[in-house]
Amino acid sequence: MFRVLKQEGRAKRGEFRTVHGVIQTPVFMNVGTVAAIKGAVSTEDLERIHTQVELSNTYHLHVRPGDKIIKQLGGLHKFMSWDRPILTDSGGFQVFSLAGLRKIKEEGVYFHSHIDGRKIFMGPEESMQIQSNLASTIAMAFDECAPSLADRSYVQASVERTSRWLERCKAEMDRLNVREDTINKNQLLFGINQGAIYADIRTAHAKQIARLGLDGYAIGGLAVGESHEEMYYIIEETVPFLPEDKPVYLMGVGTPANILEGVERGIDFFDCVYPSRNGRHGHLYTNHGKINLFNAKYELDDRPIEEGCGCPACRRYSRAYIRHLLKAKEMLGMRLCVLHNLYFYNTMMEEIRDALDAGEFAAYKKRKLAGFAGIQQ
RNA sequence: GGAUGGGUAUGCCCAGCGGCGAGGGCAGCGGACUGUAAAUCCGUUACAAAGAAACACCGCAGGUUCGAGUCCUGCCCCAUCCA
């Protein structure tokens with residue numbers, strides 16, 4: 001399923017075969033939590049901006065519209081009209097982000113819906129069942145994303161529970177994949193490594209889950225409060241203990257620089273809300289750093305967001321016009337910004353793959369980072 | 001000429017109806033955001049700076065009161081209506 005085509009240090013150029021098509025790695029997955037990229041981006045748009053994998057969320061789709069409804073409608077691919085790979089996050093991140101609305105127990109997590117307050121129980125089995133109903137390409141194991149500032153004893157206990165949950169996820173997924181009425185009987189399962197910023201907990205956990213023969217392995221619980229240096233250190237320490245023949249997914253990360261550093265340290269999959277959320281907020285990624293289109297200095301700027309960019313925004317519209325749309329709260333402004341940012345990320349991943357193919361990743365990374373650090377336009 | 005309603009810090013809109021060193025919204029400007037409770041959130045524009053010391057202020061000027069943005073009188077301006 002996962003084939004490493006080329007390697008440069010720990011950086012890998014690979015191919016991941018799925019029933020919904022081949023994923024060229026390293027890849028950045030475009031986040032559409034509720035089966036929609038926020039900012040009025042359609043799946044047709046995703047094709048235009050070279051998206052390989054769309055990412056949606058188990059908890060959010062369970063709450064609304066309901067995974068059973070999506071199953072009745074033929075699964076998530078048919079529902080949102082997207083026939084390429086989809087990865088569904090398990091709800092584990094909501095254990096972190098909705099911390100005020102949930103209680104963790106051995107059996108699973110009791111949430112109060114952020115929509116209407118109703119009680120929702122989600123354990124490993126429930127998360128797998130929901131993801132099976134959604135019929136995503138890749139399901140994520142149900143974990144606890146613990147805060148990186150959590151103390152050692154908490155993290156130790158949390159990781160042990162996440163391990164027990166992982167075995168339950170695996171057993172449940174194996175059961176669901178042979179059921180008659182399962183839409184995607186080839187649904188893949190990725191396990192998630194945790195351990196906050198404690199390298200020894202991370203590596204012990206990595207060794208333990210590596211034995212389970214999962215389809216891929218994720219590093220979770222990073223970029224949740226620790227420094228970049230701590231994050232990079234944890235990645236360096238952890239990756240060597242994950243199976244070499246399986247893709248490694250760094251969850252929720254990150255900035256373009258984070259991605260370059262991640263690739264160098266052996267990461268194959270990334271995802272982050274940054275390009276879409278920052279796009280909606282008027283922050284645009286360019287090869288010369290990030291710009292905030294809300295700033296008054298762009299009022300009369302008739303250049304595109306980035307000269308030479310092939311995205312739907314840059315091909316046709318000026319900074320001044322898009323700034324006007326944003327300030328006027330016209331949806332088109334956000335949409336164009338999100339399209340630009342996702343295109344920027346997807347294009348950067350293409351460049352990374354090309355560089356790896358050519359054996360020039362190190363030089364590419366250096367050049368790219370120097371550009372980001374340059375003077376903002 | 002008359003009637004009624006208004007003029008509140010910095011551009012606009014407004015709250016306050018005797019204890020006010022006057023509150024909010026919008027706009028403007030800036031910032032934050034990492035497996036999305038986020039088209040969100042935060043900051044922001046007299047002076048001073050924790051000192052019973054100093055003192056800008058509610059269209060303007062007086063007055064009543066221990067105390068006035070608030071009550072009274074006059075004036076100015078705006079809106080609507082009537083002549």
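Student: How far does H13 reach from its first C-alpha to its last?

Tutor: Welcome to a predicted model, in which local features need pLDDT of at least 70, side-chain atom pairs count only at pLDDT 80 or more, and totals for chains, interfaces and linings use all residues. Residues are numbered from 1 along each chain as its sequence is written, chains are lettered from A and ligands numbered from 1 in the order in which they are written, and side-chain values use heavy atoms, with hydrogens and water left out. Helices (DSSP runs of H or I, at least four residues) and strands (E, at least two) are numbered from the N terminus. H13 has 27 residues, and the 39 Å expected at 1.5 Å a residue (1.5 Å times one less than the number of residues) is close to its reach of 39 Å.

Student: How many of the residues of H13 are buried?

Tutor: Buried means under 20% relative accessible area, exposed over 50%, and partly exposed in between, with a 1.4 Å probe and protein chains only. H13 is largely enclosed by the rest of the structure, because the buried ones among its 27 residues number 20.

Student: Which residues does Ile352 contact, leaving aside its neighbours within four places in sequence?

Tutor: Contact means heavy atoms within 4.5 Å. The partners of Ile352 are Pro26, Ile259, Leu260, Val263, Phe361 and Tyr364.

Student: Which helix gives the most to the lining of the largest pocket?

Tutor: On a 1 Å grid over the protein atoms alone, a pocket is an open set of points where a 1.4 Å probe fits, with protein on both sides within 12 Å along at least five of seven lines, and lining residues have an atom within 4 Å of a point. Of the 44 residues lining the largest pocket, the closest to its centre are Phe93, Gly252, Asp271, Val273 and Arg277. With five residues, the one giving the most is H5.

Student: Which helix supplies the largest share of the lining of the second largest pocket?

Tutor: This pocket has 16 lining residues, and Asp67, Lys68, Gln129, Ile130 and Asn133 lie nearest its centre. Helix H3 (67-72) and helix H6 (124-134) each supply at least two. The largest share, five residues, comes from H6.
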